[in-house]
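Visitor: Please take me through one part of this structure in close detail. Then set that part against the rest, chain by chain.

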Amino acid sequence: MFGKVIGRRLIFSAFILLAVSLLVFGATLLLPGDAARAILGQQATPERIAALNEQLGLDMPAWQRYFSWLGGLFVGDFGTSSASGGPVADLLGERIGASFILMAVAAVISVPLGIGLGVYQALHRGKRRDQAMTGASLVLAAMPEFVIGIALIAIFATSVFQILPAVTLAPPGDPVWHRPEQLVLPTVTLVLVVTPYIVRMMRATMIEVLDSGYVEMARLKGVPEKRVILRHAVPHALGPVAQVIAIQLAWLAGGVVVVEFLFRYPGLGQALIDAVTYRDVQVVQAISMLVAAVYVVVNLLADVVGILTNPKLRSAA
Amino acid sequence: MSTDMNNLDDLKSQVAEGAEVPKESQTTYTPFFKRVLAQKQGKIGLVLTLVIVILALCGPLLLPWATGNTATEFVAKPFSPYGLFGSDNLGRDVLSRFIAGGLTLIVYAVIATALGMIVGAIVGMLAAYVGGRFDAVIMRINDVFLAIPQLVFALLAITVLGPQGWVLVTVIGLTHAPRIARVARSATLGVVTEDYIRAAEMYAMPRWKVLFRELLPNITGPLSVEAGLRLTYSIGYIASLSFLGLGLQPPAADWGLMINENRIALSIQPWGVLLPVIAIALLTIGTNLLADSFARATASTSVEA
Amino acid sequence: MSTTKTHTVRHDHANEPNEKIVLRVTDLAVVTNAGDEILHGVDFALSRGEILGLVGESGSGKTTAGLACMGHFREGLKFGSGSVSIWPRGDETAVEVVDLDEVAVRSLRGSRIAYIPQDPALSLNPAMRVGEQIREVLDIHGFGSSERERAERVAAVLVDVGLPGDRAYQKRWPHQLSGGQQQRIGIAMAFAMFPDVLILDEPTTGLDVSTQAVVLDTIRQMTVANNVAGLYITHDLAVIKDISDRVAVMLRGDLVEEGPVSAVLERPQHEYTKMLMAAVPDLAGRKTIGYGAASLEDVERESDASSEAGTKDGSKGAPTHILVSAGEASGAANSAKAEDRTSTSADASLLEVRDLELAYGKAQILNGINLALEPGECTMLLGESGSGKTTLSQCVAGLNDDYSGSVRLRGTELARSTRKRTNDQRVGIQYVFQSPFSSLNPRRSIGQSLSVPLEMSGEGTAATRKATVEEALDSVRLGRSFYHRRPGDLSGGERQRAAIARALVNAPSVMVCDEITSALDVSVQASIVALLRSLREERQLAMLFVTHNIALSRHIADNLAVLNKGTIVDYGPTSSVLENPSHEYTRSLIADVPKF
């Protein structure tokens, strides 16, 4: 029964990705008339320009280029990097794993942490510790990732403690997880950026749920407080919070760019910045599509959580 | 057993009050800004924001005073004759570059936010008010834009169009728009079903008047919260892009760029990094606190009983 | 605070200590966290096998008193002083509920004192199967000795409340049940542990009359069968008369009168109880509602200026807006004529609805509706929720343009939407919305909102518009001082008056009133009904009065149209429909409504 709902969401997700691909591809049409010259600069030889034009497929009509690019995406062919000359897939291949590990660790820490702190605050609402935590989360949520990251570097890697590496030192080809200590600061930065939003949303939703008729009814039935929270309150808060978590995790995909740049972390974000600097359009397109795919998948997961915690949706299909 | 006659007068007023809310307080409405400033975070937020904004706006005027520096080499010492906070790796005075470096950031952020608010609020309100297929199409387009993080979107635009000021402002403003539109739409949806809107329709009030006279005043609360939040994010994105080297280009003085240029020397000349980092942090904290106090002021409107 | 405590009128000595009493509340005070007292020392006692009705209007503190019996105080409230004693079955000594620690209170709740909430849709956990929710009570309080015993009890109590007790039914989710079934789940949950005391918090408020009758019946039976002491909290005196043995009347945190139902309702002693009794509409139409309440309101308003005893007497003596209650004298004659005219239709009626149909997809909302309205005449459109009555009234007003058929004003067919109707046609039919809390823009002053109809019809200058609005404010007995105030500063009744004034500024010939009293307390309802009656007199205003409350019919309407599932099943002069209902539905409606 709920396969139908999920099926609809899947179709919708596919539609989103298709539209995103149009958008991402359409952006390249905004390239100045002579794209190759704009990319290579005024001193470029005509041969190089012609080569690049061919590489970019600029000699074909736009719709043809779009479909060959889109077709390539399905088989893992992301085109050719104009900066390195090699296939984009090779360039990104090893970096995907490094970025994924960073995001996954950050997510695994911040989601339960955010939910737990949010519930804790809701249960102590109005008290001093609730207000203090609200203040702290407001301050953290305000600051851009790199500000938090630099503050952490200043405290733990340079002036005050000097116990953790300020940048990633792994030689190329060596997987990042071989030196876990270099993962600490980037992960903590991401956790500090993402958690406050989850906490705030969880707190707000929990307060709403705690004021609801069914929670009052459970208490008037004599249900012990712990069971009231775990059985009657939290499940209702999870559905709406899952949506926010999804948005935050997808946002992580953007935040990871700055954090990787700051810590010289060999992931997709770092590659993206390099590609933007060298105007390596194919790489930027590929990474944009990957990020959008992450967003769609995470949202799909949030929908599943929403459906599982709400029997009305579950049986609606 | 009998009625207490002495209390009858009291009682009658009580009866009437029981049915009708007390009348003494002629108006319970407090202006929005007063409700904002009645809160601690409202006050702190406003002070922080004002301090940084004034510093950034007046910075260029103070420059002649601050640039008393003649050093041509890297001077890490604070409080030295080479300027209050030393000089950077190119021998430029850190303090004067700091004072001059906030203006562009703030101006860009404000313009981007204003652009996003105008486009987003109009689109969101229209989607909710017109409804039907128009609403569905607008919201689907919105979903597509939401699938790409704003920063990635900005990077895509910069790749194609180059790291220019108008590109930054436009792309950040326009990527705010779908997010603001969502908020404006749901706020409008909450109001559009109210009977006073239907009453206005019933009296054949022109639609633009319904939008601006009846709807807009009732969603200024959520919109102001959104404006505060978006301003915070705009500052963050624009500073981040400068930090990534994709905003203002050297040799411009800009906080984000300064952090990028000086972070290699963080341990020996921390001021070049710390001053702009602290300024950006205080500014975003200030605007975020303001946004939060807007939200609280909206929630406690007490216009509705 | 015992100093401010109001004396309670007591009709007998049942409140004195005796062995039938199961729960006794003495001098109970509840305060807000800020320290304001909202219950000022309340005394009452609940006896085994009896139901005490606790009646009061909104803000009287009746729910707070009921929840305090369970040792529960809502967010922002706390216990002040006094005592709540309960004598559980088999125990000799009393338990002091407010002195118990959390664990002990918890073991009482749901087992010795059970609660039936106002809105079952909000109070059942939407993510738990209904059987499981009943089962939870048994598990927590350790009912019986085995799993099987508990499972059997769940099934048994479901059967007791008239629901199927089988597994499949227990596995349903709350949203798969109707409102009446959900409420019966709530009742089953309350009776599962064989409690001694039952607190019922307006358990039938959201339900239709027929469902309400069934639920009340279930409650009554279960109380007697289980020999439980019940506290029935409600604002509805008619329900009290139906279900309870004794009644206690609350007014702003005080208990003002208490005694057996018959004694209190037939010979009310306290001024407030008398006023309430006068305000309750009765189906038989023996009295004129609104007079007493309206005069009390007027007293309040006048005593703002000068609190002289003489003024009160004066206003009481002057029948400013008293009217014959039943439509007998002029009404019946009028409507007889109306019937003639609808059949001949030689000269057009003021308002005529012909063959009006409306369907959304397969759902037929309205089915061939025919109605006619003459100047100065009031037709009541009666229907339960989902009958299509609001849709119909909105079609008439031009707020809903999806219908087919015709609406004619003075013989001219009207365009479907107000925007396409001419100015005169728009002015001719005015509509008053149901909720006074939503019909006025909170950001604009009453004067601004009331000027809109005049502005839009392009009438007069700003100055003359202001004069007209002030006049309208006077005619709804609000006064000009309200011109500059905002809706947030007004009570529900005042807002509804302002909304009526907005409909009056253009001097319409037809006014459509959509459930305009259903969100209001009964005394305010009475004053609004009185206002409408006098407006009809003064302005020869024709009215379509839409409501679910059949008891109001004789108090306001000449004609009565009964709407059931989109079809008018009974239509004619009020008295003849009520006395000789032709349709089965009307008959059951009249039978189910609690008689007052």
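Guide: Helix α17 of chain C is followed by C:Gly458, whose phi is positive, near 65°. The helix itself spans residues 446-456. Helices here are DSSP runs of H or I with at least four residues, strands are runs of E with at least two, and both are numbered from the N terminus. This is a predicted model: local features need pLDDT of at least 70, side-chain atom pairs count only at pLDDT 80 or more, and totals for chains, interfaces and linings use all residues. Residues are numbered from 1 along each chain as its sequence is written, while chains are lettered from A and ligands numbered from 1 in the order in which they are written.

Which residues of α17(C) are buried? They are C:Ile446, C:Ser449, C:Leu450, C:Ser451, C:Val452, C:Pro453 and C:Leu454. Buried means 20 or more other C-beta atoms within 10 Å of the residue's own; 12 or fewer is exposed, and anything in between is partly exposed, with C-beta atoms placed from the backbone. The cover on these residues includes an element of chain B, α9 (195-202).

Now the chain around the helix. Chain C has 23 helices and 21 strands. Of its 596 residues, 54% are buried. Take its contacts with a separation of 6 or more: 69% of them join residues 24 or more positions apart. A contact means two C-beta atoms, placed from the backbone, within 7 Å.

Next, the strands of chain C. Two strands pair if DSSP finds at least two bridges between them. One open sheet has 4 strands in the order β3-β2-β5-β6, with antiparallel pairing. Its edges are β3 (37-47) and β6 (95-96) of chain C; each has a single partner strand, so one side of each is left without a neighbour in the sheet. Inside that order, β2 (residues 21-32) and β5 (residues 77-86) of chain C pair antiparallel over 8 bridges. There C:Val31 stands opposite C:Lys78 of β5(C).

Another open sheet of 4 strands runs β13-β12-β15-β16 in chain C, again with antiparallel pairing. Its edge strands are β13 (363-373) and β16 (412-413), each pairing on one side only. Strand β12 (residues 351-360) meets β15 (residues 404-409) over 5 bridges, in the antiparallel sense. C:Leu351 faces C:Leu409 in β15(C).

Then there is a hairpin. Strands β20 (residues 559-564) and β21 (residues 567-573) of chain C run antiparallel, joined by 6 bridges. C:Ala561 sits opposite C:Tyr571 of β21(C). Between β20(C) and β21(C) lie 2 residues, and C:Lys565 in the turn has a positive phi of about 50°.

Positive phi also turns up in loops. C:Glu202 is not a glycine, yet its phi is positive, about 45°. C:Glu202 belongs to the loop between β8 (197-201) and α8 (209-226) of chain C. With 19 C-beta neighbours inside 10 Å, C:Glu202 is partly exposed. In chain A, A:Arg279 has a positive phi of about 55° without being a glycine. The loop between α11 and α12 of chain A holds A:Arg279. A:Arg279 is buried, with 20 other C-beta atoms within 10 Å.

Last, confidence. The model scores ipTM 0.84 and pTM 0.81. Mean pLDDT, the predictor's per-residue confidence from 0 to 100, is 81 in chain C, where 88% of the residues score at least 70. Residues 292-346 of chain C stay under 50, and the model has 77 contacts beyond four places in sequence for them. Where pLDDT is low, predicted coordinates should not be read in detail. Chain A averages 82. Its confidence is lowest in α2 (residues 35-40), at a mean of 64, and highest in α6(A), at 90.
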